[in-house]
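Please consult the structure while reading.

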2 protein chains.
Amino acid sequence: MIVNMFASEIDTPALVVDLNVMERNLQRVARYARDHGLRLRPHTKTHKSTRIGRRQLEGGAAGLTVAKVGEAEVMLGAEPADLLVAYPVIGRTKLTRLMEVARRTRVTVAVDSLFAARQISDAAREAEVDVGILAEFDAGFGRVGVAPGEPLVALALSIARLPRISLEGLAFYPGHIKSTDEEGLADLEQVARIVESVLADFRRADIEPRIVSGGSTPTLFHSHRVRGLNEIRPGTYVYNDLSTVRSGACALEDCAATLHCTVVSTARPGQMIIDGGSKTFSSDRLPNTAEPIFGYLMEAPAARFFKMNEEHGYVDISKAETEFSVGDRVRIVPNHVCAAVNLHDQVYGIRGDRVEEVWQVEGRGKLQ
Amino acid sequence: MIVNMFASEIDTPALVVDLNVMERNLQRVARYARDHGLRLRPHTKTHKSTRIGRRQLEGGAAGLTVAKVGEAEVMLGAEPADLLVAYPVIGRTKLTRLMEVARRTRVTVAVDSLFAARQISDAAREAEVDVGILAEFDAGFGRVGVAPGEPLVALALSIARLPRISLEGLAFYPGHIKSTDEEGLADLEQVARIVESVLADFRRADIEPRIVSGGSTPTLFHSHRVRGLNEIRPGTYVYNDLSTVRSGACALEDCAATLHCTVVSTARPGQMIIDGGSKTFSSDRLPNTAEPIFGYLMEAPAARFFKMNEEHGYVDISKAETEFSVGDRVRIVPNHVCAAVNLHDQVYGIRGDRVEEVWQVEGRGKLQ
């Protein structure tokens, strides 16, 4: 939707994206991937919009990544040549739907159990489609993924024997790396060693992983240090957020998304209440800190957004750079933009002080 | 929508409500309010569905409460005789919409600033409608509400002079009371003293507050102890949640809403990953504890739901009562049901093992 209004006319609370910053973010990562010969399959969980998925593909992404089948269905709208479901798809209902997606584009699923692989194989056989598989291993995060070594090789060999699915390679997600500082880079080195040993195991077992898909946002621009890695699937980079800034992976001016809020009460001295709380921002905390901080106020960095209820944001303005009155507007960089996006039906794209476009978050709430 | 399926056939993750428990919860509070001569104007933020709002009205509620104008628009569908917007409505766009609501039913707004009251008066005059006002005071929570004493009386007197709005009474929300234990009841006593002094101030100023609206969920069934209070607007009681249980205001068997999830990975020994994370539950913590607990597993109370990402729930099953495999289903009582409901488009109402009805969360995401 093309609109003609000022950013200051957007009713609050609202999710607003600075298009110049977003475009710069998209270009930077596309260039990084190109320069290092890495396949880019961005995770769309951050934006959840076909419009942005399309831009990622136009910018050189080889495909798109989603978590849920419902998101895969939505992202078909961006016409990707290739869709990775980076999540174990379990259960007949979801698999039936996924096979419908697989009729329309190439689908790959990351799995960490033979149970999951068998279900996919059965569904693919019934639907007469082919599905790619990435065997997922745990690179230290301790979430999904089988242990590197024997269990991983065994899983890969079993997958290779199942009909209508083909083992395309490996996937991992080092979500435990939270920074680009010395500690973060040491963690990345450790991940690189794990990947190296996994690839050695696979050579010995005579399996050739065509795709080795991994990486995480904090060390995104260091992905080329992991030898053998040939695909990255970052998500947050499109908008960035306060967590990304704190991790060292971007600067504050790289944050494209802010929540625009209005001051609704200043009844308590030294404090203001804004019309955005956990229903607008999510209640996600910043990683690596016990500090209760729920966002960064562009208008007054020394103001402290310290507490939330669903519809109320509490901001300590006792040290703020400016005074605030009921009716004033503020722009806030959220802690975790992916979680915030999922709470909004639409996004306002601005350039300067004008709203240039409004788009729907079509993938919002696609839980299944 | 009337459906004919088993609860076990609901695709996960999903929000499921036990209708027997919900009906008992609705009846209990309706009876309590009736027995104590309290007006009941339930906050619909918990369920956000006209179907449940209608049941509350049928059960004797005098009206309904909402936070946002968008929720007021939705709740018109329940045909309430009376709608309280328990939130300062600021800005022309919202007020124009609110006046449309006020054409269709009696609307009251809680305000804590003359700024807000003036804006409402201006909008009401322009739209030629009448709007009721509750002057909101701070009973110790420190969120919205002017300080009791002179500021509150001054606000009330100013409101009374503005055209097309009428001062109906007072509102407060003692959200700082987190339990029904000795400490919680002592806090309630303190709130009662504040209310008493406020009412004395009003008598001296010759203002008669027809409505004194207050109370919070933890001490819901002690509301009659606050002398002068004549309206309660509880929300959570319809479903209850783990926070309510922990506060002492209900038992575990009074929790009507659970999230049904599927185990998607058991790759890591002693841990399972379920297909619900912060996008399904919200990342709201339990109050009054640093313990990272994100819900209560009905199938295995000793399992510990200790961490979440958006789509992943991490459950420590090292001490669990049962074994779990990929594909197993679990039912989990959430920490904070209001925040969870806002993440779901629909709710499955079950009786026994059958799904009896499915309803939409029409008020979901109504941020403005």
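## A buried aromatic pair

In this predicted model, B:Phe281 counts as buried because its relative accessibility is 2%. B:Phe305 is also buried, since its relative accessible area is 0%.

Over all chains there are 14 aromatic pairs. In one of them, the ring centres of B:Phe281 and B:Phe305 lie 5.1 Å apart; the planes meet at 75°, so the pair is edge-to-face. Distant parts of the chain are linked in this way: B:Phe281 belongs to helix α9 (residues 278–281) of chain B, while B:Phe305 belongs to strand β14 (residues 304–308) of chain B, 24 residues apart.

## Other ring arrangements

One aromatic cluster is formed by A:Phe141, A:Tyr173, B:Phe306 and B:Tyr314.

Charges also sit over rings in chain A. A:Lys68 is placed over the face of A:Tyr87, 5.0 Å from the ring centre. The ring of A:Phe6 has the charged end of A:Arg354 over it, at 4.2 Å from its centre.

## The contact between the chains

Chain A contributes 61 residues to the contact, and chain B contributes 61 residues. Between them the two chains bury about 4,700 Å², of which 48% is on carbon and sulfur atoms. Of the area that chain B buries against chain A, 14% comes from B:Arg143, B:Lys279 and B:Leu367, more than from any other three residues.

There are 16 salt bridges between chain B and chain A. A:Asp275 forms a salt bridge with B:Lys94, with the closest N and O atoms 3.9 Å apart. On the side of chain B that touches chain A, β11(B) supplies the largest share, four residues.

Key:
Residues are numbered from 1 along each chain as its sequence is written. Chains are lettered from A and ligands numbered from 1 in the order in which they are written. This is a predicted model: local features need pLDDT of at least 70, side-chain atom pairs count only at pLDDT 80 or more; totals for chains, interfaces and linings use all residues. Side-chain values use heavy atoms; hydrogens and water are left out. Rings of Phe, Tyr and Trp (its six-membered ring) pair if their centres lie within 6.5 Å; planes under 30 degrees apart count as stacked, over 60 as edge-to-face and the rest as tilted. Helices (H or I, at least four residues) and strands (E, at least two) are DSSP runs, numbered from the N terminus. Buried means under 20% relative accessible area, exposed over 50%, partly exposed in between (1.4 Å probe, protein chains only). A charge sits over a ring if NZ of Lys or CZ of Arg is within 6 Å of the ring centre and within 35 degrees of the ring normal. Contact means heavy atoms within 4.5 Å. Buried area is the accessible area (1.4 Å probe) that two parts lose on being put together, summed over both. A salt bridge is a side-chain nitrogen of Lys or Arg within 4 Å of a carboxyl oxygen of Asp or Glu.
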